[in-house]
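Q: Hi! Could you walk me through this protein, one piece at a time?
A: Happy to. Take a look at it here, then ask away.

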Amino acid sequence: EVKAYSALVLGIFCQNSVYIVSLIEGGSIPELVQLLRSGSREGKRCAANLFVLICFDFGNVSIIANAGVVPPLVELLRAGLYKAKVSASMALGCLSVESTNCSLVVEAGGIAPLLELMESDSKEMKAYAACIIKDICKKANNAALVAQAGGIPRLVELLRTENENIFCTEYATVALERISNTRDYRMLIVHAHGLPPLINTLICSESVIGKSSAKSLLFQIAPILSDSSKKVLMYFLRLRHDDFDEHSLDQHVFECEESVVLVEQPGDATPSIARLG
């Protein structure tokens, strides 16, 4: 408990970057990693929170990763309490800006708990987890591991249920685009009923990156559809130029493998996508 209290006090001081530098230069990082591994629940939470503050300065990311912080952070994702999981996911999110660290997350078994957190009741937790998955998927081999772990239906579900959350929408769409480097994975996106939320993202999302990734992914998916479905989808995508008036969009119904998608613009209402039958 003394160590937990010390980490809590350090966290207060480390709101100032000067103290973070002193903490690193003073050789305290290994002790914090040890607290993260074997401390009390409160100690682990305070240590994880400290690593969030330290990693906000991206110049410290490599130092922290090399100290062995990734495995205990991943373990905290699995077994920590809610606040500890939030801090752990935030710290891993900062670390995952470097692809080398993404591989460390994968090696520590981080994919499964991150995918589970994407199904949590917390919108905050969903966004943090999806952000890390997105970064993990930068490398094709890691993206394949995410797909093999059941990541595609979970990302599609996140895109469907959190369509008003700009962060979840962007992270899930980018992750799906990075995963879709083979025909098999693109087909899995279709079979997971991914077309409706992708089209909805293209029409309604406030994220420029999300829109761009959705459009790119839909162009990749189009060739694997039946001829009639492909023609309608390509027609729809060609309409999605900056000068396109959404109110002029006619109603189109088309079959996409196991999904039937309705694209409609009823009057002045927001465009909506719905799967029928």
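This is a predicted model: local features need pLDDT of at least 70, side-chain atom pairs count only at pLDDT 80 or more; totals for chains, interfaces and linings use all residues.

Q: Is lysine 138 buried or partly exposed?
A: Lysine 138 is partly exposed, as its relative accessible area is 42%.

Q: And aspartate 135, how accessible is that one?
A: Aspartate 135 has a relative accessibility of 5%, so it counts as buried. The limit for buried is under 20%.

Q: How many salt bridges does the structure hold?
A: There are eight of them. In general, side chains with opposite charges can pair when their charged atoms come close.

Q: Which residue does arginine 154 pair with?
A: Arginine 154 forms a salt bridge with glutamate 119, and their closest N and O atoms are 3.1 Å apart. This pair links distant parts of the chain, 35 residues apart. Arginine 154 belongs to helix H12, while glutamate 119 is in the loop between helix H9 and helix H10. Arginine 154 is partly exposed, with a relative accessible area of 24%.

Q: What about glutamate 162, which side chain does it meet?
A: Glutamate 162 meets lysine 126 in a salt bridge, at 3.0 Å from N to O. Here too the pair connects distant parts of the chain: glutamate 162 is in the loop between H12 and helix H13, lysine 126 is in helix H10, and they are 36 residues apart.

Q: Where do glutamate 162 and lysine 126 stand on burial?
A: Glutamate 162 counts as buried at 7% relative accessibility. Lysine 126 counts as buried as well, at 12%. They also belong to a network of salt bridges that links Lys123, Lys126 and Glu162.

Q: New topic: how do H7 and H10 pack?
A: Their axes are 9 Å apart, and the angle between them is about 30°. Angles under 35 degrees count as roughly parallel, and H7 and H10 are therefore roughly parallel to each other. H7 passes H10 in a left-handed crossing.

Q: Which residues meet there, between H7 and H10?
A: On the H7 side they include Tyr82, Lys85 and Val86, and on the H10 side they include Tyr128, Ile132 and Asp135.

Q: What does serine 96 touch?
A: Leaving out residues up to four places away in sequence, serine 96 touches Cys102, Ile132, Asp135 and Lys138. Serine 96 is in the loop between H7 and helix H8, and it is buried, with a relative accessible area of 1%.

Q: Which residues touch the most other members of the largest nonpolar core?
A: Phe51, Leu95 and Ile133 do, in a core of 80 residues. Helix H10 gives the most to this core, with eight residues. In soluble globular proteins, nonpolar side chains tend to be buried together.

Q: And what are the neighbours that phenylalanine 51 touches?
A: Not counting residues up to four places away in sequence, phenylalanine 51 touches Ile29, Leu32, Val33, Leu36, Ile64, Val69 and Ala91.

Terms used. Residues are numbered from 1 along each chain as its sequence is written. Side-chain values use heavy atoms; hydrogens and water are left out. A salt bridge is a side-chain nitrogen of Lys or Arg within 4 Å of a carboxyl oxygen of Asp or Glu. Helices (H or I, at least four residues) and strands (E, at least two) are DSSP runs, numbered from the N terminus. Buried means under 20% relative accessible area, exposed over 50%, partly exposed in between (1.4 Å probe, protein chains only). A nonpolar core is a set of buried Ala, Val, Leu, Ile, Met, Phe, Trp, Tyr and Cys residues joined through side-chain atoms within 4.5 Å. Contact means heavy atoms within 4.5 Å. Axes are lines fitted to C-alpha atoms, for helices over the stretch in contact, and angles run from 0 to 180 degrees between N-to-C directions. Angles under 35 degrees count as roughly parallel, over 145 as roughly antiparallel, 65 to 115 as roughly perpendicular and the rest as oblique. A crossing is left-handed if the near helix is turned anticlockwise from the far one by less than a right angle, and right-handed if clockwise.
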